[in-house]
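Please keep the sequence and the coordinates at hand while reading.

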Amino acid sequence: MSDKKMQVVFASAEAAPFVKTGGLGDVAGSLPRALVAAGADVIVTVPKYGTIASEYTDRMEHVADFYVSLGWRNEYCGLERLVIDGVTYLFIDNERYFKRDYPYGFFDDGERFAFFSKAVTESLQHLPEGFQCDVLHCNDWHTALAPVFLREFYQGLPLYERVKTVFSIHNIAFQGQYADTILNDILGMAHIPNAARQLRCDERSINYMQGALDYSDAITTVSPSYAWEIQTPEYGEGLDGILRRRSNVLSGILNGIDTDAWNPATDPMIHANYSAADMSGKKACKAALQEELGLEVRDDRPLMVMVTRLTRQKGMDLVTYALDRILSGGVQVAVLGTGDYEEPMRYFANKYPGTCAARITFDNALSHRMYAGADMFLMPSLFEPCGLSQMIAMRYGTLPVVRETGGLRDTVAPYNQFTGEGTGFTFANFNGDEMGDAVFRGARLYWDDHAAWDHLVQNAMAADFSWVRSADEYMNLYHNLHPEIDITKPEPVVAEPEPAEPTAVEAEPAAPAPEPAVTEAEPAPKAEQAAEPADDAKAEAPAKAEEPAPKAEPATEPAKKTAAKKTTASKTAAKKPAARKTAATKSTATKAAEKPAAKATATKSAASKAAATKTTTAKATATKATAAKATATNATAAKTTAKKPSTASVTKTATKSTATKAAPAKAAASKTAADKPATAAATAPKATSAKTAPKAAAAKTAPAKASTSKAVTSSATKATAKSAAPKATAAKAAAPKAAAQDSSAATPAGKPAPKAKSVSAAKRTTRKR
Ligand code: ADP
């Protein structure tokens, strides 16, 4: 092992806080910092857009300039440096391409980002003294040509020999597809048969992302489930074949969220701060939000919110279909967003004043208040590479209701009424009735079982969505590409603080003085007569009687239930990988070394971070020794294969992490499913397969998973499915629904639920973000 640090050049078309239009900007803003904390040297390359604020441009230092050949052109490229939080940013300066009002959406985007990709590749020769690039990490189609240029034009140069390339897919719907005249005119590659063949996607077009998938040493996407979904025709957007072929180097690494910016204990934008240890502030937040949005200020009404783009991808078809049923069933709904479904949202807000609110705008501060004030967060996406909102919601103790797809499937554990495990409510198929059922599973729990509800909230808040976990997985991936570089984190030198009193639930770092460890069930609220939702229902709402009316909260809460469930809270939290050598290094030896540490974590539930850090450190040390052997073996294989991008297998171990384990089988299964005609109305029969790894919790759920098959029905027929069960037997009566509740478990482990064919068509706007 050399003493050299892992040195990574991270190429992205956007990076917060300089420029951001979506999740990619968030990732490029947060991940490099986390990688630096994990022990890497990181340089982020971003175009120097005309829109970057002067507070940054004023501080940039010009470090180099050179010319980049692009077909017959020779284009100027300046490198402007800015260092923030230990991360070096190199801005690629060319005013002709980048001094514009907006990052994307121009007629010459193909040329602009071909330039950017080549400039990034060329700039590896102009990096600051002492920085020798080990990994060039490219993101999305804007940088997809860099691995292609690197292998075709720069491979022979010693500096480039050692550079391994990683390509991350943040959304496969955007691929960078252009007329093949570009091949000669701009890329200057028409005479290279290999490149021409691997970039071509049909007789007239080339596809940048396709090139990256063939030329990169490793491919990642932003969640394990999305990693295998995109190997299926339904989600692959035409690239599924290549992804299946390269599945040995494909892995999914979940994004994190900025846990400082999204922290209910310190958030200055919310009405009252709160933490897992003291949830009283959340009640105040809810009342304030109801007031602000013009909703009835009542705690006996579950408040469900959405903060989202109002698009088909985000499941707005299902929402508009099911809103009558949801609103007339006694659930308040508030939506914040802009997009194609603004009018329907306004319609529902007018139709159900006091119960439904729509804010058609982009408002970050209001989004904070909504995450904090809500009880549930709805996210029924058609597809979701990762998704941040559901993680933010959980951090604020707001239980997500999600469709089991992509990152939603990987981050939300479905509620299991038998064990109390889970962090939210899920459904499998892209079907409005299934979504409605999931919403009412949540609502019923809110009304009927406070202890169980509070327990889920604790589970959700204990989940680890920090970038630390993601950065560790990326470091493992880089290490697989460069086994000779040691990535062990230095031991923290900070003196151990006095162990605090053991608490079942960790107080947030900046929280007010910790309250008793676990929030007990609410003191009996007055058995105030909650108005039956039916009272509110409008005559035209056909679903009026279909949902049981919310009842007054019970006078006392069975304390034993709370106690019994405390233990299970910990399990969910403990399942989250905490340390470096987790997903990627899955040699048996490593796994064995991890076990004791994992157990230690488990016993402490959402243990204090101090404890968790200890465990992590111990684990890292333990695994290091064992991992060394594994990597040594890998190294040989890596060396022989690394030079050929198409056969690189070094990340094979990485792909063995959790959900991707069964990828080939899954891909095959999915293909079969895909071959079946699917319509929006027909839902998939639910198989009774075992749960996949990410949702291990659900594997222990309902012993028998009913195989159900539903069809989207009219509102009138719906009513029959939902007669109001007597409350005492509600849990039992819901047994068939338990299958749906565990529908993730019922989803075939290896394949996503078949869904409407129109999906691909809807997503096939591939050119721009
Ligand atoms: P996307 O596919 O749009 O990137 P994500 O869930 O990954 O979806 O991230 C969306 C982010 O944008 C979240 O942080 C969410 O809070 C924020 N957001 C979406 N719409 C709005 C809005 N109208 N106002 C404020 N924030 C919004």
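Is Arg100 buried or exposed? Arg100 is buried, because its relative accessible area is 16%, where buried means under 20% relative accessible area, exposed over 50%, and partly exposed in between (1.4 Å probe, protein chains only). This is a predicted model, in which local features need pLDDT of at least 70 and side-chain atom pairs count only at pLDDT 80 or more, while totals for chains, interfaces and linings use all residues. Residues are numbered from 1 along each chain as its sequence is written, and side-chain values use heavy atoms, with hydrogens and water left out.

Arg100 sits in the loop between α3 (95-98) and α4 (109-123); helices (H or I, at least four residues) and strands (E, at least two) are DSSP runs, numbered from the N terminus. The side chain of Arg100 makes a polar contact with the side chain of Asp108 (2.7 Å), a polar contact being a pair of N or O atoms within 3.5 Å, of which, within protein, one must be able to donate a hydrogen and the other to accept it, and residues adjacent in sequence count only if both atoms are side-chain atoms.

The ligand is surrounded by 19 residues, the closest being Arg309, Lys314, Thr361, Tyr371 and Ser389, where a residue counts as near if one of its heavy atoms lies within 4 Å. Oxygen atoms of the ligand lie 2.6 Å from a polar side-chain atom of Tyr371, 2.9 Å from a polar side-chain atom of Ser389 and 3.0 Å from a polar backbone atom of Leu388. The protein covers 85% of the 560 Å² of accessible area that the ligand has on its own, with areas taken from the Shrake-Rupley method with a 1.4 Å probe and, for residues, only the protein chains shown counting as cover. Two or more residues of the shell come from each of β13 (303-310), β14 (332-339), α16 (364-373) and α17 (389-395).

Tyr371 belongs to helix α16 and counts as buried because its relative accessibility is 3%. Its side chain also makes a polar contact with the side chain of Ser389 (3.3 Å). The C-alpha atoms of Tyr371 and Leu289 are separated by 9.9 Å, although these residues are 82 residues apart along the chain.

Finally, the largest nonpolar core has 187 residues, and Leu187, Tyr208 and Val331 have the most contacts inside it; such a core is a set of buried Ala, Val, Leu, Ile, Met, Phe, Trp, Tyr and Cys residues joined through side-chain atoms within 4.5 Å. Helix α19 (residues 432-448) gives the most to this core, with eight residues.
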